[in-house]
Amino acid sequence: MSDHRYYIVTDEAGAGRALDLLSDVFEDEGVPIATMEVDETMGVWEASVYATDDPDDGLKARVADCLARDFPDVPIEIEIFGQTDWIAKSLEGLKPVRAGRFLVHGSHDRDAVRINDLAIELEAGQAFGTGHHGTTAGCLEMIEKVMRAAPGGPRGVNPVLDLGTGSGVLAIAAAKLGPVRVLATDIDPVATRVARDNVRSNNCSAQIECVTATGFHSTAFSHKGPFGLIIANILARPLMRMAPDIKRNLGSGGSVILSGILASQRRQVLAAFNGQGMRHIRTLWRNGWVTIHLK
Ligand code: SAH
C-alpha cells in the first residue's frame with residue numbers, strides 16, 4: 001500500500017473544470033480531490049485525485065475516463081509519496097496541519113514545531129476549526145499571503161475582523177503574523193468561549209477580543225471597525241446575504257477573505273461581492289472548497 005495521487009497539469013480555468021468533473025464522479029465515494037496552483041507567475045495548476053490503495057487499482061483508468069472529453073491528449077500523471085502530504089494528514093484526524101508558515105497542532109504534538117513555524121496550539125474542542133478542514137487551511141494560507149503583501153506589511157491591515165471564528169484559529173493566525181488588533185465573533189456562545197480559551201493559551205489576549213454576535217448585529221463592529229481585513233469562513237449563502245454588511249464594515253482599500261464556499265458556488269459568491277463594487281484578486285482551491293480574496 002502506498003499513498004499516491006493521479007493528476008493533470010492545466011491552468012486555473014482547467015483546474016476548476018476538472019474539479020467539477022472529478023467531484024461528480026468521486027465525491028460520493030469520499031475520494032479526496034484537490035486543485036492547487038503550482039506556479040503563480042506561469043498560471044500553472046494541478047487537479048488531483050488522492051488514493052491509498054495499490055496504484056494498479058483501476059483508479060487511473062477511471063480518472064482518465066472522467067477527464068477524456070474535456071482534456072484530450074492531457075496525460076494523467078502519478079506521484080507517489082509517504083505520509084507527509086497534508087491532505088493525507090488532514091484525513092488522519094488530529095495530526096498537526098501545515099498551511100503556509102502555520103502549523104496547527106495539539107499540545108501533544110509540540111515536538112512537531114520547527115524553528116520558522118508560526119505555531120497555533122489548539123485542543124480538539126467543541127468549536128469548528130482545527131485546521132483539518134480545507135476551508136480553514138485555505139484561509140490560513142490566504143491570510144498569510146494577504147497580510148504579507150499589504151502596503152506597510154501585516155500592520156497595514158489593522159484592525160482585522162474574523163467573522164465566525166469557531167476555535168479562533170484564524171484570529172490567532174492574523175495576530176501571530178503582525179501587530180494587529182482582531183475582533184473575533186461567532187453566533188455560537190460555546191465557540192466564543194472556546195476561542196477565548198485558545199486565544200489565551202496562544203498568548204494573544206492583548207490583540208484579540210472575542211464577542212458573541214449574529215452576523216453584524218452588535219455595536220462591537222462600529223466600535224472596532226472599519227476593518228482593513230475581514231475574514232469570514234462561514235458558508236456561501238450567509239456570505240452572500242452579508243455582502244452589503246461586509247462591504248459597509250470594510251475600510252477603504254481593505255481586503256476580504258471568504259471561505260466555506262464549494263467550487264460550484266464560487267461564481268455566485270463573486271457576483272454578490274462584485275455587486276458591492278469589490279473585485280476578485282485570487283482563489284485557492286482545496287478538496288472541493290474555495291477560499292477567495294477580494295478587494
Ligand atoms: N473560522 C473557523 C471556523 C469556521 S466554521 C475556521 O476557519 O476554522 C463557521 C463558524 O461560523 C461556526 O463557528 C459558526 O458558529 C459561525 N457562524 C455561522 N453563521 C454565523 C453568523 N451568521 N454570524 C456569526 N457566526 C456565524
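1. I started with Phe221, which is found in helix 7 (residues 220-224); helices (H or I, at least four residues) and strands (E, at least two) are DSSP runs, numbered from the N terminus. Phe221 is buried, with a relative accessible area of 2%. Here buried means under 20% relative accessible area, exposed over 50% and partly exposed in between, using a 1.4 Å probe and protein chains only. Setting aside neighbours within four places in sequence, Phe221 is in contact with Leu161, Leu163, Leu183, Thr185, Ala213, Gly215, Phe216, Phe227 and Asn249, where contact means heavy atoms within 4.5 Å. Take Leu161 from that list: Phe221 and Leu161 are 60 residues apart in sequence, with 8.6 Å from C-alpha to C-alpha.

2. A word on the basis of all this. The model is predicted, so local features need pLDDT of at least 70 and side-chain atom pairs count only at pLDDT 80 or more, while totals for chains, interfaces and linings use all residues. Residues are numbered from 1 along each chain as its sequence is written, and side-chain values use heavy atoms, with hydrogens and water left out.

3. On the overall fold, the secondary structure comes to 10 helices and 14 strands. Of the 295 residues of the protein, 54% count as buried. Among contacts with a separation of 6 or more, 67% come from residues 24 or more positions apart. The protein exposes about 13600 Å², and carbon and sulfur atoms supply 50% of that; accessible areas come from the Shrake-Rupley method with a 1.4 Å probe, and for residues only the protein chains shown count as cover.

4. A polar side-chain atom of Thr136 lies 2.7 Å from a ligand oxygen. A ligand nitrogen is 2.9 Å from a polar backbone atom of Gly164, and a ligand nitrogen is 3.2 Å from a polar backbone atom of Ile187. The protein covers 84% of the 580 Å² of accessible area that the ligand has on its own.

5. Please check the two cis peptide bonds listed here. One runs from Asn158 to Pro159, with omega near -10°, and Pro159 sits in the loop between helix 4 (134-149) and strand 8 (160-163). Another runs from Gly225 to Pro226, with omega near -5°; Pro226 lies in the loop between helix 7 and strand 11 (227-233).

6. Positive phi values also turn up outside glycine. Asp73 has a phi of about 70° and lies in the loop between helix 2 (59-67) and strand 4 (77-81). With 81% relative accessibility, Asp73 counts as exposed. For Asn203, phi is near 60°, its place is the loop between helix 6 and strand 10 (208-212), and a relative accessible area of 70% makes Asn203 exposed.

7. Is Asn198 buried or exposed? Asn198 counts as buried because its relative accessibility is 7%. Asn198 is found in helix 6 (residues 189-201) and, not counting residues up to four places away in sequence, touches Glu121, Leu122, Glu123, Ser167 and Ile172.

Methods
A polar contact is a pair of N or O atoms within 3.5 Å; within protein, one must be able to donate a hydrogen and the other to accept it, and residues adjacent in sequence count only if both atoms are side-chain atoms.
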